[in-house]
Amino acid sequence: MPVKVSMTVNGKPVSAEVEERTLLVNFIREHLRLTGTHVGCDTAQCGACTIEMNGDAVKACNMLAMQAEGAKITTIEGIAAADGTLHPMQEAFREHHALQCGFCTPGMVISAIDLVRRHPNPSEEVVRAELDGNFCRCTGYHNIVKAILDAAPKVAAMR
Amino acid sequence: MYAFTYRKAKDVKDAAAGLAKNADAKLLAGGQSLIAAMKLRLSAPPELIDLGTISELRGIKSDGKNVVIGAMTRHAEVAASTDVKKAIPALAYLASQIGDRMVRNMGTLGGAIAHNDPAADYPAAVVGLGATVETNKRKIDADAFFKGIYETALDPGEIITSVSFPIPKRAAYMKFKQPASRFAMVGVMVADTGKDVRVAVTGAGPCVFRVKEMEQALGKKFAPDSVANIKVPDKGLNSDIHASAEYRAHLVTVMAKRAVEAALK
Ligand SMILES: Cc1cc2nc3c(=O)[nH]c(=O)nc-3n(C[C@H](O)[C@H](O)[C@H](O)COP(=O)(O)OP(=O)(O)OC[C@H]3O[C@@H](n4cnc5c(N)ncnc54)[C@H](O)[C@@H]3O)c2cc1C
Ligand code: FES
Ligand code: FES
């Protein structure tokens, strides 16, 4: 029996008829065609599916679309400026070669933004601990950590 | 995941009525354990009753004697709460060590203790601090709540509404993480309540348990040395590719000693 689900995604109200068992990540990728949010493990381990719900980073593969009913969602497609200027966190990832294949990057960037909002001036130790839920199989993390440390003051200054 | 019907409960009464009508229905809290189990088809409820929008189940209150935490309060909220950090820093720390940031943003206290994963952290806090679990029907003492692997004293249709943690004189939690899952390989909560000392161990056995010998020794003298030579028997402890029962038994002593050290700081 399909149910109606409505939420705001990247500032736009969206709604659709979905099956109850539709995962939020499938709603985002298959219904909204926002394929920047990735599915790496599908078992809540890797963080590739990380999106922001009402200001908090969550794993979209481990929750139902219905659990996001009425929520404000931000995906990787929603963080650059309207004119296409990259978000400072994206720019820092580019600048520091914080990605190789790029598969983990959307989740990394969303987690990184969430992290620096709570820790505007994080130490390297805090960055590494807070990235616990985001796996990267390419970079070895060093450049990701550098990018986040570099972007932190710029992101903090944005708000 | 098999198909199911879904609805949001308006309040606790509405959720209880839903469970009374359909005995196979399941409550949905953060979904961090349940959705994963349903995806693996380990669980296949025909109906989910979502507690997510019941505001009465969410929040933290501290009255100087107890910290009362609503069942739907998320791990991240407990970890960040100034009330919890002030009254029971060990509890805020424990919540901050659950899973990762994204799991803590969804997972709830009620869901964690109802699920009673053998390696979950909260059971150590509930038993270690001598908390009381409040449901829509009664109050359950911590020592009577956790029954065995994934098993609790909850009756069918019973809903956890809050947990009341008495504020201890001093307490600390030490967790040795299973590095891949971040669950507790062994986690020990040591609490000096002012009247007695409680030592609760999670991760090591099929279910959280207390170590009476350590409690007695710490009751006489609250110091790391009091537990340094107390070993728990490895018989009946968990054994898997991550750690043998013997190693887990060893970790209980090490973590207990570190927890006492931390509680004294
Ligand atoms: C990657 C990952 C890592 C994790 N690491 C850890 C860890 O290190 N330590 C740890 O302790 N946990 C860990 N967890 C589990 C996490 O803490 C879950 O949040 C928790 O086990 C379940 O809480 P939930 O709110 O998500 O409950 P749900 O998954 O929604 O529900 C779990 C069960 O509890 C029942 N239930 C829920 N609420 C109530 C209620 N109020 N009354 C009665 N029954 C109820 C449900 O019906 C269901 O059977 C991890 C999970 C993931 C995905
Ligand atoms: S796809 Fe969601 S955590 Fe890996
Ligand atoms: S860049 Fe390839 S997984 Fe991170």
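Hi everyone, let me start with one pair: Asp114(A) and Arg101(B) form a salt bridge, with 3.7 Å between the closest N and O atoms. By salt bridge I mean a side-chain nitrogen of Lys or Arg within 4 Å of a carboxyl oxygen of Asp or Glu. Across the interface of chain A and chain B, the rule finds five of these.

Some housekeeping. This is a predicted model, where local features need pLDDT of at least 70 and side-chain atom pairs count only at pLDDT 80 or more, while totals for chains, interfaces and linings use all residues. Residues are numbered from 1 along each chain as its sequence is written, chains are lettered from A and ligands numbered from 1 in the order in which they are written, and side-chain values use heavy atoms, leaving out hydrogens and water.

Back to the interface. Chain A brings 30 residues to the contact and chain B brings 28 residues, contact meaning heavy atoms within 4.5 Å. Together the two chains bury about 2200 Å², 56% of it on carbon and sulfur atoms; that is the accessible area (1.4 Å probe) that two parts lose on being put together, summed over both. On the chain A side, Arg21(A), Asn62(A) and Gln67(A) supply 27% of the area buried against chain B, more than any other three residues.

Now, how many residue pairs are in polar contact across the interface of chain A and chain B? The rule finds ten, both residues being at pLDDT 80 or more. A polar contact here is a pair of N or O atoms within 3.5 Å; within protein, one must be able to donate a hydrogen and the other to accept it, and residues adjacent in sequence count only if both atoms are side-chain atoms.

Next, the ligand. Ligand 1 lies between chains A and B. There are 35 residues around ligand 1, and those that come nearest are Leu27(B), Gly31(B), Leu34(B), Thr108(B) and Asp121(B); a residue counts as near if one of its heavy atoms lies within 4 Å. Let me walk through some distances to oxygen atoms of ligand 1. A polar backbone atom of Leu27(B) is 2.6 Å from an oxygen of the ligand. For His75(B), a polar side-chain atom lies 2.9 Å from a ligand oxygen. With Lys175(B), an N or O atom of the side chain is 3.2 Å from an oxygen of ligand 1.

That's my tour, and I'm happy to take questions!
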